[in-house]
Amino acid sequence: MQIVLPEDVKKIIGMIQKAGFEAYAVGGCVRDCLLNKVPNDWDITTSALPEEVKGLFSHTFDTGIKHGTVTVLLHHVGYEVTTYRIDGEYEDGRHPKEVSFTRSLKEDLLRRDFTINAMAYNDTDGLIDLFGGQQDLKDGIIRCVGNAEDRFGEDALRMLRAVRFSAQLDFEIEEETLKAVKKLSGNLEKVSEERIQTELVKTITSDHPGKIRIAHECGLTKVFLPEFDVCMETAQNNPNHLYTVGEHSVRSMERIPAKKELRLTMLLHDIGKPALKTTDEEGIDHFHGHPAKSAEMAREILRRLKFDNQTVDKVSRLCACHDVRIEPGKKYLRRAMNRLGGDLFPDFFLVQRADVCAQSDWKRKEKLDQIARNEADYKEITDAGECFSLKDLAVNGKDLIDAGIKPGKEIGEILEKMLNLVLEDPENNEKSRLFELCLPKTQENGEKSKKKC
Ligand code: ATP
Ligand code: MG
């Protein structure tokens, strides 16, 4: 297999070599090239010490100088150049507590997590693959470099990274590696939520989010998402369903585009169900009020995992409304857009469709038809630029004050009435018409208006 280095990467490697040091592209970029994928970024590993690297390039900055990383800027792109190193225990995403530099490439490759991530390449020496990384890539296997238990003992996050790579690449985790994950999964507790979040997001936004089942089977989700484990154990004896709450949620993730908010929503949309489960005399299970409960729990969980406020808010709101049924008809949809918030559309439809498609096929056609009709209404509403919130109303508070309404509660009440008329019929969204319909007197002539709201 041929690796073609970008010109700037060649240049950096060449300059370091000319100064008498070794340098290679390493890790994810080599792996991705061998898989014929375009790498996210190009990391370079070198025998030169950070100060020596800095001496060679005119534009550098200290990214993680203590850990040996210098960023070299070429044509406005940053390349991380890291000195060969031997790692101590890891404390955050990329930085072990203590490192020692080495002049041996082999030692640097030995510290890396998986064989497929421990290959290096330059045009002089070709591919350096000391642990069978190429073969594992061919066979579709995630295998630790060295003894799996030792490697997970040094850094427990690597267990979740194994799941993440298996999801991104659709690979199997090798037997010894998997056994070690099962044995040591509890150690994930020592890892920061920020690091866990990164790997969780990469797992569920991959092409194979269903691999989260492995994290569950090995005891990893029990550490950072125990609520999900409860869902995996909660059966749903109900005509709408075929699977446990957890399995349904995983299947729904597989049926929605790979956007972070959407995948998180599907993962968590029913997370409140176990707490609310009741079984009627016929043995049918019910989960009354679960969307609100799921929304509340999603908020707590996402905060705990240190997600940003925007993600927490969006996911929680989508969870809260995932079960809302909207009658066909544009006025109903305008009302729903007003009530739920226009920003949740069209994601709301994607959530509903994924949810339905992960249920039993009982009434599936009717459910999907209703969503499709709602979507058609949505398209017409947005194509026509129809108003569904106060911000697009043809009248605002200032207009009412100018028309002689005293500032205060009444302004809000009148605007609300006007908005309701517009949601009912967008033709009403004209200043004069709304004044005529909703104000006791028009300002211009002081006459009593004929109609009142
Ligand atoms: P991505 O495409 O997500 O960037 P990547 O393989 O480049 O994938 P990074 O997290 O960017 O993954 O790490 C770069 C390289 O550093 C890895 O390929 C691996 O060699 C090494 N590495 C990263 N994290 C660890 C870790 N926790 N333990 C051991 N080696 C690691
Ligand atoms: Mg990377």
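How many disulfides does the structure hold? The structure, a predicted model, holds zero disulfides. The legends below describe close-up views of this model.

**View 1**
A disulfide is a covalent bond between the sulfur atoms of two cysteines.

**View 2. L400 is a member of the largest nonpolar core.**
This core contains 118 residues, and the members that touch the most others are L268, L400 and M418. With residues up to four places away in sequence left out, the residues touched by L400 are V395, I405, I411, I414, L415, M418, F435 and L439.

**View 3. N429 occupies the loop between helices α22 and α23.**
Helix α22 spans 409–424 and helix α23 spans 431–438, with N429 found in the loop between them. N429 has a relative accessible area of 22% and is therefore partly exposed; the limit for a buried residue is under 20%. Beyond its neighbours within four places in sequence, N429 is in contact with C387, D392, L393, A394, V422 and L434. One of these residues, D392, places its backbone oxygen 3.1 Å from a polar atom of the N429 side chain. The C-alpha atoms of N429 and M418 are 8.3 Å apart in space, and the two residues are eleven residues apart in sequence.

**View 4. Strands β3 and β4 form an antiparallel hairpin.**
Strand β3 comprises residues 60–64 and strand β4 comprises residues 69–74; the two pair over four bridges. Within this pairing, F61 stands opposite T71 of β4. Four residues lie between the strands of the hairpin, and G68 takes a positive phi near 95°. In a regular strand the side chains alternate between the two faces of the sheet.

**View 5. F345, F348, F349 and Y378 are linked into an aromatic cluster.**
The structure contains six aromatic pairs. A pair of aromatic rings is described by the distance of the centres and the angle of the planes. F348 and F349 form an edge-to-face pair, at 5.6 Å centre to centre and 65° between the planes. Both residues, F348 and F349, are buried. F349 and Y378 also form an edge-to-face pair, with ring centres 5.7 Å apart and planes at 70°. This second pair links distant parts of the chain, as F349 belongs to helix α19 (residues 347–357) and Y378 to helix α20 (residues 364–383), 29 residues apart. F349 counts as buried because its relative accessibility is 0%. Y378, at 15% relative accessibility, likewise counts as buried.

Technical notes: Residues numbered from 1 in each chain as written. Chains lettered and ligands numbered in written order. Predicted model: local features only at pLDDT ≥ 70, side-chain atom pairs only at ≥ 80, totals over all residues. Heavy atoms only, no water. Core = buried A, V, L, I, M, F, W, Y, C linked by side-chain atoms within 4.5 Å. Buried < 20%, exposed > 50% of the residue type's maximum accessible area, 1.4 Å probe, protein only. Contact = heavy atoms within 4.5 Å. Disulfide = S-S within 2.5 Å. Pairing = 2+ DSSP bridges. Polar contact = N/O pair within 3.5 Å; in protein donor to acceptor, adjacent residues only side chain to side chain. Phe/Tyr/Trp six-rings, centres within 6.5 Å; stacked < 30°, edge-to-face > 60°.
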